[in-house]
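Hello,

I am passing on a structure for you to look at. Please open it first; my notes follow below.

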Amino acid sequence: MKHQILCPLIILLLLVSCGCEQSPASLHNLFSQTDSTPPKLLHYEAISSKVVLLTFDEPLDDNSVSMQCNTKEPSSVSVSSETVTICLEEELVLGQGVPLQGRVSDTRGNSLRFSLTLWARNQNPPTLLINEFTTKGSETNPDRVELLVTSRGNLAGITLYAGRDGVYSDRYIFPDRMVERGAHLVVVFSKSSAGDFLSSELQAGLSSNNGCLILARSPEWESPLLDAVVWGNHTTTTHEGFGSEDLAMSVSYLVQRNQWNSAKSEGSIDSTDSTATRSFCRDKGKDTNSKEDWYICATKEASFGSVNSEKRHTP
């Protein structure tokens with residue numbers, strides 16, 4: 001009789017004991033698998049003058065998507081898993097940005113609000129090289145950058161950054177304009193009494209001793225790059241010799257995209273002997289993405305708007 005009573009009690013205790021050990025693990029697994037992060041916007045582009053594609057990192061709830069372009073509702077918005085296709089009421093105009101605001105949610109209800117600028121897709125861009133620049137300007141000889149057109153095309157949307165997209169001190173976005181091979185385009189980056197050149201947005205000047213210039217196909221985030229150049233004084237000791245984390249990261253970004261060949265300051269053009277009239281000049285169109293493509297011209301030999309002077313500065 002005693003054994004008959006004890007056996008069920010032992011079995012019951014074992015069951016309760018097992019349940020107590022398994023339950024917290026089961027709850028932990030349940031919560032760890034719950035998605036609580038909002039979707040991420042990975043890419044966006046205008047594929048025509050009225051159609052825009054947005055790509056996210058996970059499937060979206062198609063009933064949660066809302067968009068406004070230039071304060072107007074689009075003609076239509078459709079969702080296919082991670083992709084949103086937007087048909088606009090009005091055509092995008094080359095070289096003119098249009099604001100887009102939106103809200104999306106994933107299938108678990110995690111939502112994201114975002115704001116960006118749409119740019120019309122330029123189907124006929126020229127090829128360009130950064131050909132000459134100065135970073136220690138004056139009122140009469142300001143900081144400026146010359147681009148050489150190496151094949152004809154439309155400049156609309158092409159963007160010249162002092163820095164890079166998202167981490168720049170100034171920029172210039174080209175309007176809708178055709179250019180021919182051999183043309184020289186000059187953008188002034190500081191206030192001056194100089195001639196009739198194009199002016200950057202902020203007139204903030206270029207970094208004198210350590211910096212980079214980047215030429216992108218459009219102002220869009222992660223736009224393809226067309227050209228870049230990096231300079232440094234070779235004496236700064238912090239952040240790989242560039243003096244700032246932002247610049248060091250920008251140079252690393254260029255190396256990853258095969259637009260520059262060294263992430264160290266000693267691999268940049270030495271800026272020590274440059275002045276307002278001793279400009280950095282590209283050597284006859286050479287483009288190896290290295291300091292070997294460049295030299296500093298002789299005093300008063302800066303030649304913005306025309307062929308680079310071949311007279312070189314001798315330290």
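In which loop does Thr-71 lie? Thr-71 is in the loop between β3 and β4. Thr-71 is not a glycine, yet has a positive phi of about 70 degrees. Thr-71 is exposed, with a relative accessible area of 62%; here exposed means over 50% relative accessible area, buried means under 20%, and partly exposed covers what is in between, with a 1.4 Å probe and protein chains only.

Some ground rules. This is a predicted model, in which local features need pLDDT of at least 70 and side-chain atom pairs count only at pLDDT 80 or more, while totals for chains, interfaces and linings use all residues. Residues are numbered from 1 along each chain as its sequence is written, and side-chain values use heavy atoms, with hydrogens and water left out.

The chain as a whole

The protein chain has two helices and 20 strands. Both kinds of element are DSSP runs numbered from the N terminus: helices are H or I with at least four residues, strands are E with at least two. Of the 315 residues in the protein chain, 43% are buried. The chain exposes about 16,500 Å², and 51% of that comes from carbon and sulfur atoms; accessible areas come from the Shrake-Rupley method with a 1.4 Å probe, and for residues only the protein chains shown count as cover. Among contacts (heavy atoms within 4.5 Å) with a separation of 6 or more, 59% are between residues 24 or more positions apart.

Sheets and strand pairs

Strands of a sheet pair through backbone hydrogen bonds, either parallel or antiparallel. Two strands are taken to pair if DSSP finds at least two bridges between them.

Five bridges join β1 and β2 in the antiparallel sense, and Tyr-44 has Leu-54 in β2 as its bridge partner.

Another open sheet has five strands in the order β12-β11-β16-β17-β18, and here the pairing is mixed. The edge strands, β12 (167-173) and β18 (269-270), each pair on one side only. β11 and β12 are antiparallel over six bridges, with Gly-163 facing its bridge partner Tyr-168 in β12. Helix α2 packs on this sheet and touches β11, β12, β16 and β17. The direction of α2 makes about 135 degrees with that of β17; axes are lines fitted to C-alpha atoms, for helices over the stretch in contact, and angles run from 0 to 180 degrees between N-to-C directions.

β6 (residues 98-105) and β7 pair in the antiparallel sense over eight bridges, and Leu-118 in β7 is the bridge partner of Val-98. Five residues lie between the strands of this hairpin, where Gly-109 takes a positive phi near 95 degrees. Along β7 (residues 111-118) the side chains alternate.

Nonpolar cores

A nonpolar core is a set of buried Ala, Val, Leu, Ile, Met, Phe, Trp, Tyr and Cys residues joined through side-chain atoms within 4.5 Å. The largest has 39 residues, and Phe-133, Val-145, Leu-147 and Val-229 have the most contacts inside it. Elements that give two or more residues to this core include β8 (127-134), β9 (144-151) and α2 (245-256). Apart from it lies another core, of 22 residues, among them Tyr-44, Cys-69, Leu-88 and Val-104.

Ser-64 is in the loop between β2 (51-56) and β3 (66-69). Is Ser-64 buried or exposed? Ser-64 is buried, with a relative accessible area of 12%. Leaving out residues up to four places away in sequence, Ser-64 touches Arg-103, Val-104 and Ser-105. The side chain of Ser-64 also reaches the backbone oxygen of Asp-61 at 2.7 Å.

Lys-284 lies in the loop between β19 (280-282) and β20. Lys-284 has a positive phi of about 50 degrees although it is not a glycine, and Lys-284 is exposed, with a relative accessible area of 69%.

Regards

Terms used
A polar contact is a pair of N or O atoms within 3.5 Å; within protein, one must be able to donate a hydrogen and the other to accept it, and residues adjacent in sequence count only if both atoms are side-chain atoms.
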